[in-house]
Amino acid sequence: MATQQPNSAAAGDVSSAAPAAIPRTGSLPGDPISQRFEHLIEQVHEHRPTENPAPIRKAWDFCVRFHEGQRRASGEPYIIHPLEVAEVLAEMKLDATAIAAGLLHDAVEDTPVTTDEIATEFGEQVAHIVEGVTKIDKIQFANREDRQAENVRKMLLAMVSDVRVVLIKLADRLHNMRTLEHLKPERREAIARETLDIYAPLAHRLGMGKVRGELEDLAFRYTDPVSYQQVAEAVEARRQDGQQFMAQVEETIREQLRENNIEARVEWRIKRLYSIWQKLLKSQVGVDQVFDLLAIRIITQTKTDCYAALGLIHMLWRPVPGRVKDFIAIPRANLYQSLHTTVMGENGHQFEVQIRTEEMHKIAEEGIAAHWKYKAGESVISARDEQRLAWVRQLVDWQREMTDPNEFLSSLKMDLYPEEVYTFTPRGKVVIVPADGTPVDFAYTVHTEVGHTCVGAKVNGRMVPLRTKLRNGDIVEIITQNGHTPSRDWLTFAKSPRARNKIKHWLNENQRLRAIEVGRKLLEREARKFKVPMNRIEDTDLARLAGDYGLATATDLLAGVGFGKQSARQILNRLAPELMLTTPEEAEAAPETGAAAMSEAVRRLHLTGSDSLQVEGQNDLLVYRARCCNPIRGEEIVGYVTRGKGVAVHARSCPNVQNLLYESDRRIAVEWAPTASEVAGRAQRYPVRITVHCDDRSGMLKEMTAIISSDDTNIRAVETRDGANGEAIVEFVVEAEDVRHLNRMVTGLRRLPGVREVQRAQKV
């Protein structure tokens, strides 16, 4: 966690080195912090009686010395943070090496200490772990997303060789989230969003349900405070009745288990707030219509008892159709095992029952940390944990094909938190594909070549289109043909990161070869037009010029010409100005005609203000906002060079971006620029469509229009229609100045009683 560096992405960290030095806590037995450290040592001894605590004590003294005088944003001594991280690791029952590395995890990032010095003092293993969790600060990145992607990539690479890297990172993030309130609002939201996007899903993929749940709830509080408050209040209002109901259910189950000689313990809980909110979004209902907020957990001694308990539950209460899931017979990808069923209690109360063994429960809560061992200087990973880490190794292999950091992050997010569908090969082997996965996803899961040469598929013995969505239990047979190649259309329905990455990689390689060929032909055609002999232009000249454009090789430059990012005439002007009809300076000073004039016309056609967007380093490219997402000022944007239509500017969150931007050569840097109206003091406004799901009650529309108008916002259009479950759907087209203006409107609408969800529609 960064302390003194202004670009740190850490949560709740040091704002500056405090002028007054804190006590040398390692040497003051009566100091409260030292007492906590001694309690940590006792905890390690309790979990690992044979563990030598010397490395932990040495790391503690090192931390106290080098973090002396530093304070967190909360004002407390910085040493509290590594101590809290170590305590989380001790709860995971990790070894002394991991806990020592946890104490030192910020040393390289926030103090003058180097990785070599860590290695000298504590050994190569500790140094490797500390290096793995240390963020990249010495390299300049174009934007925050690139930095984030490279830091995550670095962590995953280190995690492949030592899983303790990610366990320390998760412990670090957990304590930061617990103290997030001390940071500025924009920093809180950015860190919370990163936690929901990467770290909570990472904990989920590693089977660490307890850590994942706490991270999600803490992040939910800051990413969507209005929804968090609404769900928290609704749950609290139902808590007392729920407790009484679940106490009765619990006692009934205990009695029946005793009568049937099933040894088990029973506990109940209210579902986590973020989990409830996700269910509300998925079902588009209000909290008052979600009945299974409560869950009973039955923890048995044997797998046989699990199934016996399930039968008992179904004898006591009627199961809800389609809500019985057997994750014992077919475990989830993160090796989670349990029986799930939702049953109907008295007065229509639904509640979920989870049934698992003690061993399954431990794995569900702790995941990869449940049986991690350290012996004789090596990590001893079980076969189960090796299976858990297989996806990481696979992801590391894929990243070699993904040069774009945003593509890497997008693929990672999709792969970390998949909703799974369990399908079978004709021979009965289970193949897991994402929700809404297709035969193309199935094919690439089996093997890359099977995917590339896929021409058709049979599902349950019948021929189906390749875009068919697979369902649980489907038996899938892939039909291949030698010489067949992937289609770009597959990207519109392929869901799995593996399939999408393989398709993109193949298309990118082939499109690039075509672009290089087209670029060379365009250059030759332009040379003939101006009677420039091609023998005057050598590859060394092109390579030199490529460097001026920020490209690595001559082929990169030719590909740029082929994709339309560079002009063949510009290239010739730079290579042989004395043989061209005009010099580069004369060409720039010449009046705009032809393509240049058309460029300005396209800008006027597609943008209210022609100068609201600009392409870095180019002044003769057609630029327009993509109609699929209509980005507004303040959104992160990306440019895509289209064939014959100029540069389409998309919001980075646009669903089409990943389908379009697989060709890295066609990406182009774009940015928001001051408009003429803004220079004159009048903010440009963009039309945005907002969809509101709400209760169908009198006066609702009046209240919503009042909220929107109160922020000096013009409403262009309003449309209402009936929705499902007695709700109304209201669509507004409003004029927003920027993302912050839009967010204020959305937050105001969501605070209205009866409003269930507010969403921004992509198209206007």
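Predicted model: local features only at pLDDT ≥ 70, side-chain atom pairs only at ≥ 80, totals over all residues.
**Figure 1. The packing of helices α11 and α13.** Helix α11 spans residues 209-223 and helix α13 spans residues 273-283. On the α11 side, the contact is made by E216, D217 and F220. On the α13 side, L273, Y274 and W277 take part. By class, the residues of this contact are four nonpolar, no polar and two charged.

**Figure 2. The packing of helices α1 and α3.** Helix α1 (residues 32-47) packs against helix α3 (residues 80-91) with the axes 10 Å apart and at an angle of about 20 degrees. Because angles under 35 degrees count as roughly parallel, α1 is roughly parallel to α3. The contact of α1 with α3 contains eight nonpolar, two polar and four charged residues. From α1, the residues that meet α3 are I33, R36, F37, L40, Q43, V44 and H47. From α3, I80, L83, E84, A86, E87, A90 and E91 meet α1. An α-helix has 3.6 residues a turn, so residues three or four places apart point the same way. The crossing of these two helices, α1 and α3, is left-handed.

**Figure 3. The loop residue K93.** K93 sits in the loop between α3 and α4. Its phi is near 65 degrees, which is a positive value in a residue other than glycine. With a relative accessibility of 35%, K93 counts as partly exposed.

Figure 4. Helix α4 covers residues 96-103 and is mostly covered, with eight of its eight residues buried. The buried residues are A96, T97, A98, I99, A100, A101, G102 and L103.

Figure 5. H105 is placed in the loop between α4 and α5, the latter spanning residues 107-110. Is H105 buried or exposed? Its relative accessibility is 2%, and H105 therefore counts as buried. The side chain of H105 reaches the backbone oxygen of G102 at 2.6 Å. G102 is itself one of the buried residues of α4. A polar contact of 3.2 Å also joins the side chain of H105 to that of H81.

**Figure 6. I298 in strand β4.** Strand β4 runs over residues 294-300 and includes I298. At 0% relative accessibility, I298 counts as buried. Leaving aside residues up to four places away in sequence, I298 touches I253, L257, A264, R265, A309, I313, V353, Q354, I355 and R356. I298 and E358 are 60 residues apart along the chain, and their C-alpha atoms are separated by 9.6 Å.

**Figure 7. H452 in helix α19.** Helix α19 consists of residues 448-452 and includes H452. The relative accessible area of H452 is 12%, so this residue is buried. Which residue's side chain makes a polar contact with the side chain of H452? The partner is Y444, at 2.8 Å. Not counting residues up to four places away in sequence, H452 touches Y444, H484, T485, P486, W490, K502 and W506.

**Figure 8. The loop residue N460.** N460 is in the loop between β13 (454-459) and β14 (462-464). N460 is not a glycine, yet it has a positive phi of about 55 degrees. At 44% relative accessibility, N460 counts as partly exposed.

**Figure 9. The chain as a setting for the close-ups.** How many helices and strands does the chain have? There are 29 helices and 25 strands. The chain has 764 residues, and 52% of them are buried. Of the contacts in the chain with a separation of 6 or more, 68% are between residues 24 or more positions apart.

Note on methods. Residues numbered from 1 in each chain as written. Heavy atoms only, no water. Axes fitted to C-alpha atoms, helices over the stretch in contact; angles between N-to-C directions. Helix = DSSP H or I, 4+ residues; strand = E, 2+ residues; numbered from the N terminus. Contact = heavy atoms within 4.5 Å. Nonpolar A, V, L, I, M, F, W, Y, C, P; charged D, E, K, R; others polar. Buried < 20%, exposed > 50% of the residue type's maximum accessible area, 1.4 Å probe, protein only. Parallel < 35°, antiparallel > 145°, perpendicular 65-115°, else oblique. Left-handed = near helix turned anticlockwise from the far one by under 90°. Polar contact = N/O pair within 3.5 Å; in protein donor to acceptor, adjacent residues only side chain to side chain.
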